[in-house]
Each structure stands twice: as C-alpha cells, then as structure tokens.
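Please read it alongside the model.

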Amino acid sequence: MTKTINLTLKIWRQSGPGSKGRLETYIANTISTDMSFLEMLDVVNEQLTLDGKEPIAFDYDCREGICGQCGCVVNGRPHGPENGTTLCQLHMRHFSDGDTIFVEPFRARAFKIVKDLVIDRSPLDKIIQAGGYISASTGGCQDANAILIPQDTAEKAMDAAACIGCGACVAACPNASAMLFVSAKVSHLVLLPQGRPEAAQRVVSMLKTMDELCFGNCSNERECEAECPKEISIINIARMNREYIKAGIASTVQ
Amino acid sequence: MQWIFDFFGSSVGKKLMMALTGLCFIGFLTGHLIGNLTLYGGRDAFNAYAEHLHALGPVITLVEWGLLTLAAIHVFTGMLLFLQNLKARPVRYAINKSGGGRTISSALMPYTGFAILLFLIYHLLQFHFVDKTFTTIYDIVSLAFANVLNISFYIIAMVVVALHIRHGFWSLFQTLGANHPKYMPMVMGGSLVFSLIFGIGFGFLPVYISFSG
C-alpha cells in the first residue's frame, strides 16, 4: 500500500525576467511518498492545467541526477534537505504529512529568472568557454598508456569532474559566488598532464569571466560543499587559489 | 605593471589581500599579547616593557605606519568585498537555511570586522593618543580598568576578536591555497586554539588588573 501525504506549497511565480514575482500557495493532496519532488510538481501542474491555470515552470532533463538541469531552493536549501542529492532524486518520503514547503528559484544576480523556477544558467557556460581548449597531439594514435597518471590523481580529477554545473553552489553561497563550480572545472583539467600546458591562462581567464558576470566573492563559508549534489570539496577552491597565485606571479600570462 | 592591479583586483586577489594582511595581524596580536603579559609582573615590569618598546624609536614609528597601511588595506578591501557580495544577490531568499557549512563566526565576519575597527579607534584613543607626561602607561591602564563598564566593554570586544579569528585563521590558509588533507585538521584546530588564546589572553587582563589594582 502506497503511503500518501498532503502538503501546502509556497511556490515562487514570476511571469518573466523583468516582472515582479511573488510566493503563491498551492495545496498538493494525496502525494505518494514514492514520488520524486519533480513528479510531485508534475501532479500539481496537471491539476493547474485542468483548472485552466498557468502551470508552474521548472527546469529538468534527465531526472536521474546526472544532467544538472533541475534545481530549486526547497525550504531554504538548494536541491532540498538531503545531502548529495539533486532535486529530481529527492523523494517525497523525506517530507511529512501536513508540511509546508517553500520552493524558490536559485537566486543570484548572475542567474536571471526566465520564468517561475526556471533560471538562465548560461553564465556558467560562459565561464567554461573562457577556459578555452587543451592542447592535443594530432597524427597517429599514441599508445593508451603513454602518459602515466597515478590512480590517486585520476580519482581527484574525477571527483572534480563530477560537477554537473547545476549552480547549487552559487545558490547556496551567502555571497552568490561561483568559486566551487569554477574550481571544479579548473581542478579537473589542471590535475591531469593534458591540462597542464594551458593551466595558467585557463585559471586567469575563467576567474576574470566569473568576476565580470557579477558572481560574488568567496568568503569560505563552506555552504557550497555542504549543498553540492556531487559533494565536491572546497579543497578544489584551495587548488584553484594556488593555481591563480602561480599564474599571477610566476607565469607570463597577463 | 598593470598585471599587479589585475592580479590583486580579481575576486581571489582581493581575498589574498585579506589573507595576507590578516596573517600580519595575527603576528602583531601575538607580539602584543606576549608584551602585555608583563602586566602580570606588576607596575614596574609593564612600565619597563613600554619604555624598552619606545626606546626603539624610529623602528616603532615604522611598524606603526606599517600596521596602519595593513589596516587600511584590510578594512577597505573587506568593505569592498562586503558590498560586492551584497550586490551579487539582489533578491534574497524567503527562507534561509544553512546546509551545515556556515558557523556563527563565518556568518558574522564583516560585522565583527567592523566592530573591531570601532574598538580599535577607542582603544588607541584610550591608551595610545594620550598625554603620558605626568603619568605612566601602567597608571592609565589600571585607572581605565577600575571602571566596570570599561572592563565589560573590553571583554565583549575580545569575544568579538576571538570570533573574527575563529574563521579568519583557517580561512586565510584556504585562501592562500594551503588546504592539504594532512595539515588541514591542524589548521582548523589552530584556528580554535588561536581564537581562544587571544580571547582569553587579552580578555582576562582587565579582570586581573581591576582585582590587583
């Protein structure tokens, strides 16, 4: 027998980027605890559509926790109360009957609200673009094991590469800084030999772009690593700081 | 030369300035506390310490101007970071909840910093920019700490300083890129130890003086 719960939802509604938004109240009754948070919103939207009302716009894609497209702030926490979980993988069994749930979009000056809970994450793409390329040899294929990478290094690079670019770090940061995101992208390339040749230029360009896009400054509050659905550590931020210092004072990169 | 401004003008560069100046202040506080411990030696020991210090003449003046410059950088950069960070999220959340990263000390950093600035001005006016022709520094100190209000004010100020160091100390290592699985637990421990040493070390002095005075 499936357990069901009744909820009161306070959801941010905003018709467009420039318009004024507000929290609106919705009742969601007989929600199965086996549903994901997004499926619960689907149920609410079905009812709104039947009632002839505008459904709530929210972002999603894979619903498997790997694409980085979904994400809202649920009761003050990006991707909800569970650690290491994206919103699509958050299940309603973590809520109780009669709960009131506040759902807000990820808020930052750099993330414009497109509609309701949908935000424009393209500033994160711009930071990645600023990172540029890695040098790769052309010509015949070299032996797969020609470049040796210790297992431990490969693991660290992979931990950083686990970043799905969802923007929860920005949403969680009291300063709306994107340092965890940028440091994950910098780290996953800089740890590997293939990422070393352009390391100095990459870190300087990515940070410059982050600053230009009006993200805040890191003050080591550690909210980002606490909320990251991929549990990326702030040790990456320290690594990026090191790379930035090296690039700034010891390389010829301007 | 432009690269220097670009380097320190970026978000990480500004944090580096905060970290480096902060590290200097930890060094200064260590010296200040060791010197102040002569208060436990009584009137002559403390006055002798002050005399020896002032006998250094131009060295002291140089250090004073140096500290003033560092303070100017720390305060100005801190304010800039605070304002930029406020602007980075123009619409606030209706519900704010910590995921467990934030501490009281980290959340209050800009406010404890500003409070310390105000305290510093008061502290300098009370003990530094004061006519010492017909009196000694020990008499000024013991007279000041005969007042219960003044003692309480200093103790509260030292709690604020301890809170600021609690986050500032480990944070400066992180900003300088010194985060290593082997050493970070020690840095974190050091953060607590330093904040307690400065908080209790300075905070207990007014109490001691008022009872011994």
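In chain A, α6(A) and helix α8 (residues 235-250) pack at an angle of about 110 degrees, their axes 9 Å apart. Axes are lines fitted to C-alpha atoms, for helices over the stretch in contact; angles run from 0 to 180 degrees between N-to-C directions. α6(A) is therefore roughly perpendicular to α8(A) (under 35 degrees is roughly parallel, over 145 roughly antiparallel, 65 to 115 roughly perpendicular, the rest oblique). Helices (H or I, at least four residues) and strands (E, at least two) are DSSP runs, numbered from the N terminus.

From α6(A) come A199(A), A200(A), V203(A), V204(A) and L207(A); they meet M240(A), E243(A), Y244(A), K246(A) and A247(A) of α8(A). Contact means C-beta atoms, placed from the backbone, within 7 Å. The residues of this contact of α6(A) with α8(A) are eight nonpolar, no polar and two charged. Ala, Val, Leu, Ile, Met, Phe, Trp, Tyr, Cys and Pro count as nonpolar, Asp, Glu, Lys and Arg as charged, and the others, Gly among them, as polar.

## Model and numbering

This is a predicted model: local features need pLDDT of at least 70, side-chain atom pairs count only at pLDDT 80 or more, and totals for chains, interfaces and linings use all residues. Residues are numbered from 1 along each chain as its sequence is written, while chains are lettered from A and ligands numbered from 1 in the order in which they are written.

## The two sides of α2

Helix α2 (residues 122-130) of chain A has P123(A), L124(A) and I127(A) buried. Because they cover an arc of only 105 degrees around the axis, they sit on the same side of α2(A). The arc is that of the directions from the helix axis to the C-beta atoms. On the other side, D125(A) and Q129(A) are exposed. Buried means 20 or more other C-beta atoms within 10 Å of the residue's own, exposed 12 or fewer, partly exposed in between; C-beta atoms are placed from the backbone.

The cover over the buried residues of α2(A) includes α5 (179-190) and α6 (199-212) of chain A. G132(A) follows α2(A), with a positive phi near 75 degrees.

## Contact with chain B

Chain A puts 42 residues in contact with 34 of chain B. α8(A) gives the most to the chain A side, nine residues. That side divides into 19 nonpolar, ten polar and 13 charged residues.

Key. Two residues are in contact if their C-beta atoms, placed from the backbone, lie within 7 Å.
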